[in-house]
Amino acid sequence: MNVPTVLRPFLQPGLRPRDWPVWVVPLLLGAFVTAGSFGAQRNALEEPHAYPTTRLDAFAIGLLLTGAAALLARRRLPVPTALVVGAVVVLYLLRAYPYGPVVLLLSVAVLALVVSGHRIGAWAGTITGFLGYCALTWLIGLPADLRGTAERLFPVERPTAVGATIGLLAVLVSLTGSELVRISAERAAEAESRRRELERRRASEERLRIARELHDVLAHNISMINVQAGVALHLIDERPEQARTALAAIKEASKEALTEMRQVIGVLRQQGETAPRSPAAGLDRLPELLDRARAAGLTVHAEVDPPPPGALPAGTDLAVFRIVQESLTNVTRHAGPGPVTVWVRVSYGERGVFIRVDDDGRGAALLAEDTGGSGLAGMRERAAALGGELSAGPRPGGGFRVTALLPAGPAEAEER
């Protein structure tokens, strides 16, 4: 079914009434109240034992349309709007026009008043206005059978106890309904605020995770490339065959860096539908990592226990790989002149996965341009994100040591 263009703004799925354009409610309510008032007049004039009434005239229609038009300002000027609509409804009733949906105009104005925060004014003003109307009509009112028939400006009937009680209950129901709408709106706004805050926090965590990945990929591989480039430049004239080996190591490190960067950028571009061209970083790729470190001139001894039965959680698997990778990067950059020996130990126990990386370097920086970085902080963040812990510092007897303990899910680990 084709929807008229004028109706599309407020017929969108999930769009709440408070999100509608401000003119929608006055337009619909004005049409409904006018049509409903003519229907009430027909019933009053045609049905037996119906109450007497003043026929709708131009003044009555003008009142209804004025009340509906005043609702256009209900969001910006809720108090003046309520006063204008209240005056319109009181004049309509004092003129003894047909009972009908005219009170809906006042209900919407009161709702806007409550939702905008003028709760005390809405309750006090509405109840006071109703009691004042009852007092006024008691003074100037006519017997019920003469309603709308006398030649008077305000041929309204005198209120009865039953009628006044019903009217008061209607006022209380309208005010209570407005409070319920206000509470619902506040809860919805609070839930929306929490949802947006959660989205911001998740986005921040994702940016941090990607930053850590990029740092680990670039720091490790660029450090290897830098070291091997220095070796190649030093040996290219005197021992070209060894320089060739260094260049081959540069090629392999740069290829690895490009592959892992494509994976990270693929996540940013939401290209997860296609399978990656190489396995995700994890313990399965630890031998490749150790071989590249050896190619960079380090002597590496590794003891890696086979994982316990059951798959290691992906986050823990990646964290183990990255911690070892960053530790080797730090050795390459900071251990000082060689030869340097590195001992890598990965074991499993009841408390989780235990990682220890030791080196016997002297601590002098190999890279003259190094000014420090976020490698150790990134490793600590990885461990903390998984509920683990990491420590790093000088090793007894010289060199540097990195130790980490990461939970391993169902088979949580302890150091052996």
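**Exercises on a predicted model**

The face of helix α10 turned away from its buried side carries the exposed residues Ala384 and Ala385. The structure is a predicted model.

**Exercise 1.** Determine which residues of α10 are buried and how they are arranged around the helix axis.

*Solution.* Step 1: α10 covers residues 375–385, and its buried residues are Gly375, Gly378, Met379, Arg382 and Ala383. Step 2: viewed down the axis of α10, these buried residues fall within an arc of 135 degrees, so they line one face of the helix. Step 3: past the helix comes Gly387, which has a positive phi, near 85 degrees.

**Exercise 2.** Classify the packing of α1 and α4, and describe the residues in contact.

*Solution.* Step 1: α1 (residues 24–46) packs with α4 (residues 103–115) at an angle of about 155 degrees, and the axes are 10 Å apart. Step 2: angles over 145 degrees count as roughly antiparallel, so α1 is roughly antiparallel to α4. Step 3: α1 contributes Val25, Leu29, Phe32 and Val33 to the contact, while α4 contributes Leu104, Leu105 and Val108. Step 4: sorted by class, the contact has seven nonpolar residues, no polar and no charged ones.

**Exercise 3.** Describe the aromatic pairs of the structure.

*Solution.* Step 1: there are two aromatic pairs. Step 2: the ring centres of Tyr51 and Tyr99 are 5.2 Å apart and the planes are at 55 degrees, so this pair is tilted. Step 3: Tyr51 lies in the loop between α1 and α2, and Tyr99 in the loop between α3 and α4, 48 residues apart. Step 4: for Tyr92 and Tyr97, the ring centres are 5.2 Å apart and the planes at 45 degrees, so that pair is tilted. Step 5: Tyr92 and Tyr97 are both buried, whereas Tyr51 is partly exposed and Tyr99 is partly exposed.

Key
Residues are numbered from 1 along each chain as its sequence is written. This is a predicted model: local features need pLDDT of at least 70, side-chain atom pairs count only at pLDDT 80 or more; totals for chains, interfaces and linings use all residues. Side-chain values use heavy atoms; hydrogens and water are left out. Buried means under 20% relative accessible area, exposed over 50%, partly exposed in between (1.4 Å probe, protein chains only). Helices (H or I, at least four residues) and strands (E, at least two) are DSSP runs, numbered from the N terminus. The arc is that of the directions from the helix axis to the C-beta atoms. Axes are lines fitted to C-alpha atoms, for helices over the stretch in contact, and angles run from 0 to 180 degrees between N-to-C directions. Angles under 35 degrees count as roughly parallel, over 145 as roughly antiparallel, 65 to 115 as roughly perpendicular and the rest as oblique. Contact means heavy atoms within 4.5 Å. Ala, Val, Leu, Ile, Met, Phe, Trp, Tyr, Cys and Pro count as nonpolar, Asp, Glu, Lys and Arg as charged, and the others, Gly among them, as polar. Rings of Phe, Tyr and Trp (its six-membered ring) pair if their centres lie within 6.5 Å; planes under 30 degrees apart count as stacked, over 60 as edge-to-face and the rest as tilted.
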